[in-house]
Amino acid sequence: MALSARLLTLRHSPILLQLPPYLSALCILIGIAWLSILPLNEYSRQTYVSENAILPGQVHTYFGGSEHNVFRAYRQEVYQISQWSEEDRLAALGNVMQEIGLRVAAQPYRFTVAGEEVNGTNVYGLLQGPRADATEAMVLMAAWRNFEGKINYSGVALALTLARYFKRWSIWSKDIILLIPMDSTYGPEAWVSAYHSTTSEVTTTRNISSLPIKAGALQAAVALDYPVGPWGHRFDKLDILYDGINGALPNLDLLNTAVAVASGQMGIGCSIHGMLSHSDSYRDRLTTLAKGVVTQSAGQATGPHSAFVPYHVDAITLKTVGDGWHDEMSLGRTTESLFRSINNLLEHLHQSFFFYILLNANRFASIGNYLPAAMLLAGSFTVTALALWVQSGQVPVEPTAKIAGTGSEEQEPKLEVVKVGEDIALVPAATTKAAEREMLLPTAVVLAVHLAGFVPLYCLNSLHREYLPLALQAVTATSLILPAFTSTALTRQFKTSTQQIQIMQSFSLLLLGATLSTLATLNFSLAFVIGVLASPLSFIRPLPKATDLPFLRSANKQYLYNVDVAISFVSALLHAALSPPVVLCALCWYFGHDVEGVLVEMAKGWAAQGVYTSFVVWAVWWPAWVVGGIVMVSGAVGGAGRQ
Amino acid sequence: MEALTKVYRDQPKTVLFTAAAAIRILAALLFPALPDLLTLRAELSTPVNSFKRSETVQYRKVYSSMSEDSTHTMAAYSTSHACQAQATTAAFAVALAGHTSLHPVMLLPPIGLLCYDRVCVQSAEKGQTSETDGAIADSTKTNVAVDLRSQPQPLQFGLRFVATFICAEAFLFGFSRLILPSWRFIPSIYMTLLELPDLTPNAGLWWYFFIEMFDAFRSFFLGVFWLHMLSYSVPFCLRFQRQPLAAVVLMMGIIAVFEPYANAGDAGAWLSCLCLLGHLFELTSLHRYTFPAIATLLYSTLLGPAFHHLWIYAGSGNANFFYAITLVWSLALLILLTDTVYAALRDEWEAERPEGKGKEIRQM
Amino acid sequence: MRLLTLPTALLATLTLTLPPLSDAAHTSNWAVLVSTSRFWFNYRHMANTLSLYRTVKRLGIPDSQIILMLPDDMACNPRNTFAGSVFNDKGRGLDLYDQKKDIESPDGGGEGMGGAGAEGEGQSMPAGIEVDYRGNEVTVESFIRLLTDRWPASHPTSKRLMTDDRSNILIYMTGHGGDSFLKFQDAEEISSHDLADAFEQMYEKKRYHELLFMIDTCQANTMYTEFYSPGIVATGSSEKDQSSYSHHADQDVGVAVIDRWTYFNLDFLEMRLNSTASDVRLGELFDFYTFDRVHSDAGVRYDLFPGGEDAARNRRVLDFFGNVQGVDVETQVPGDGRGGVGDWRSDLEVLRRIAARQEREAMEDMNETQRVGDAGVAVGERAVEQIIGPAADLKGGRDMAASAGGEGWLKKTLGAASLLALGGAWFVGSKLR
């Protein structure tokens, strides 16, 4: 009690009211610095397999010898059918699977993304474990075209060879599904969503046929990416792709098992995020971390496995990279051993982490270590929101007459009552009515701006791809004008007071902070990146008028006007530079992507795979930025409200 | 724009209510699937208010209109009638509310008190208007000597109030029996609340506790939990004798936090009822932590569904995530509740000693 | 008061003053072999237990006197490369599951533990294994019931431990454990106290003459520290805070196939006990558990054994692992548990005696003893009573379901009517005031 009373008295101390901006800044700095210490040995850990059942690399692998000839034959065949029409090709793939002894089925799908139709067909076969109880299944996947669009000759051939080889074993406790989608995003997405769907309902953006053949619950999916033709190519390392849609990650145990099998048992080095030469130095670890954060925050698919992760199916892609001495047989043996390990599972992978940041193939930071970074960033907004709230409550202490218009008739009779009888309960209500906060308008503005965020969200995700760059330009232009316009309208029409502006900003920042901290638990990287980009919003205050600046009191009018313009211009420029559309363009330029491509990718993610990154950008970050602009401009345009 | 400004300036309340009604109707029109979606949300749907969980509540189907909302409506009606000093209807409304779910019965003492208070005021006014010929007709708040003998007897009034309640409840039971084929609706409605057979996660404090509970202690702690909730009713009445409305609203808060199948709807209804104590807002925001509490509520409203998703759908979280958030949620509500208690007491104190207004208290 | 308590006191004194169990040779041998874990990656625990099973069978204990508890069946696990077989060595010389193979190729067991059995009594051994408790039957409850022999009368004799005070029992357990507990099937665990109390009841009911307790699990030695009943020699694979390790894995089976401590137990038993006449002492077996072999500190507890360490070490290994076919002329001991198998009264008598004795040791107050003794009986009686829950009356529920599931219009009319009636009541109520 004593403590809380002391806290309450602190609320009115002037020092404390000065503190929040510094506290906010401190939160942001620590938050950003936090990530940079994660690569240190003290804050990260060596990976370890924590699932007892998985027993990685404990089996001899027998894939080899005559299988090599089979593989070469399949590779030749795959190369040949790649020259055929799609229809023939699908039939040929189906025939091969049939010959292997799988139950074969096909699934056509159609998506409408950015005004274009995407068609394709998944071919897949079911290998029923001879002694399995058909309640669980694992997926071996080789997309016909890999994520870069190259034809995955060797990957498909190897998957077929492995299926033929697996068919001869009787040790499978789960069924094996061999899936050959035509591409690396839509196909797997269509397949996995149909697999988990109980209806075959067609939605406006997607037409996914239901699957003719299904097996049990999917325990894991492994995709092979080895786009090498009949001429062959020996690779150096396996790049393990693990990012799922919306930054969801597969259980760390699956990754660990893949790394343990590949490097421990087969002697193939593993890399993460294409970091072929990783010296395990601080710098390399930090680079890996940064790449991980960027990939995760984009939330887009990174390979055929990505579609599986949101469905709670742990999935990875093994991608061959570099020039070395490992051949397809090593990859085959790795996959065999990996499947033996997954086969050992008794239940879904759950022992290890689902939230982690990898620093190397065998080093990671767990959620407890990195989450505070995003939470501090989100916290900085909340701190400012609280401070603004307290400030807004103290405004009426000095200028009581300001809201006199509404309160005057009520105030007088109640004051009289005080004089007549002093022991009446409701007396205090009258005298402090002036301190009441006017919250309706700020709430309405914040809500309206958030709702307005759905306009760019809709435009950028449903227009035809040709118009996307144009739409972005329009959105940019509107965004830049909107704060100034709204602010002028508010100050002129509604005579907003400083208090209302403060409350408006407080609500907006509070909402931003709460949303980001929630987001941090779902997609840490996205919350962190948005938090960093939006962090200046905490420090926006209504622009000061030159007349209010104490050191300019003696200057002449023209000079003051010039100062006003200069201040407005510089801050408007800074504010514009931090606007979501401008940052989006800047990021595209920095990473060397073309803007249209990125927009199409985002629309594709939104429409086909449910990526919510653009939602966060337009319905969380953009409104907060707009409200920030309104607050800033209100100082410059609003003489009337402040008086 | 001009017209809009004018409307906003003149009648902010009209704007607010119109907007709220418009949103409600729009939501119903635009998203016909919304009710189905909402009934699947753990925060909103509990066995007590959901039609989907039909085994335990199939009897409720007959009262097709009597969902959880109507419980709230009845509680609110009861309060409003108590304010109008209409003892019979107040008791009847409590009986109706208590008939559909058990805990509104706990509102009986405070509502009785409120009703009694209003009856006293009315009789005092009557006496005064006849004596002073309406000199101080200005309703309530004057300190006039009242002839205590002319006041209704508290015991008599209480007995009559309880009797009305019992009669109403008996009538309702009889009525229910009439339209239902057996008496089995009684256990199926009340035992669901008393025995907590359904431990599906919700926004309350009970489910996790009773999942972890050893069976041997289950009945004991069910008793403890219920007694704990019950134990507030009478003390509130005693302490807030002079502000019975505060006692009613506070009791509603206690129910919203501690009831067996707590849900966001109950908390929302209570937050709305807080407006009845509007005169305390300024005291709470001046002396207490209203804004932090509401910010915490906001955080937990966002984090709750996120953690529920992580636990149930993504499989990457676990029950502790979600339970932690329900704890935070309840904590925020309780902070609001204690703040209101503080403000009500402070209000009383300030009425006695106007010189203490606005000053900080310090524990000696 | 004193007079009343006299019988109890007398009885207690009688129990205490009974002559110590004679050193005379036992007349039967029993073995209880328990694996407590399920799942494929615990293959080795089944292999451990089956290896022990094979060994005691080889050394002469008949199947009827071996209680084998196996929670899982690795031979039929789909992950098993060698379907229908369980091996305890990567040489896979000996299929623990099917002993016919073993007989056909006597030299096949060169590397396999227990392979030597082929040349001994193994030839006359009946093939196959006889699992007494399997799957979900392997629980703490059934294990303790087995030891204390408390079963309903319908429980088959083959699943009982039909021992008496002239029986030597070998109890072997393996699984996953920790400090003073052993996990049963991931669902429950038995604590060292449970075990100690069960042994005490066995002692009181004269269910054993001497007992060798062996356990292979992590922190195994903590399992026997609580024992307090005489006539027990206990040994475990590892000290507190130590893990017990597996010996090796079979790369084709894909899992570890045997634990170290068990491996070296078998090693010793195979090497040294070639016939039922082998005169090998327990002390030699215990000395075989060196740290170099086991990779953990195996422990032995002698102090409960009459004659202490020397006597225990001097027992023949075959006193526990082999079989004697002694015939004992019926000498009915009063209160013999076997007199009324399944008779709960005798159980209660024993329980009461234990309770009484413990109470007497704790405090000298005779009144207390009387009270607790009675309480013990009362509690026991209540426990024995079978509680039949009242059958739920589902009829009403069905009625309701039918009525609630009726046509929508009827329901709506009913609802509207009820609402109207309520409104009427409301109106009357508001008029009433």
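**A tour of chains C, A and B**

Begin with chain C, which an automatic or database domain assignment divides into domain 1 (28–321) and domain 2 (343–382). Display the contact between them: five residues come from domain 1 of chain C and four residues from domain 2 of chain C, a contact being a pair of residues whose C-beta atoms, placed from the backbone, lie within 7 Å. On the side of domain 1 of chain C that touches domain 2 of chain C, there are four charged residues (Asp, Glu, Lys and Arg count as charged), together with one polar and no nonpolar residue.

The model is predicted: local features need pLDDT of at least 70, side-chain atom pairs count only at pLDDT 80 or more, and totals for chains, interfaces and linings use all residues. Residues are numbered from 1 along each chain as its sequence is written, while chains are lettered from A and ligands numbered from 1 in the order in which they are written.

Next, select chain A. Its secondary structure comprises 21 helices and twelve strands, taken as DSSP runs (helices H or I, at least four residues; strands E, at least two). Among contacts in chain A between residues at least 6 apart in sequence, 82% join residues at least 24 apart.

Within chain A, select 439–460, one of the spans that UniProt lists as "transmembrane region" in an unreviewed entry; this span is 91% helix and 0% strand, with end C-alpha atoms 33 Å apart. Then select 506–539 of chain A, where the chain is 82% helix and the end C-alpha atoms are 12 Å apart.

Finally, move to chain B, where the UniProt "transmembrane region" spans (unreviewed entry) include 159–186 and 320–345. Residues 320–345 of chain B are 100% helix, with end C-alpha atoms 37 Å apart.

Note on methods. UniProt positions are given in the numbering used here, feature names are shortened, and annotations may be inferred rather than shown by experiment. Two residues are in contact if their C-beta atoms, placed from the backbone, lie within 7 Å.
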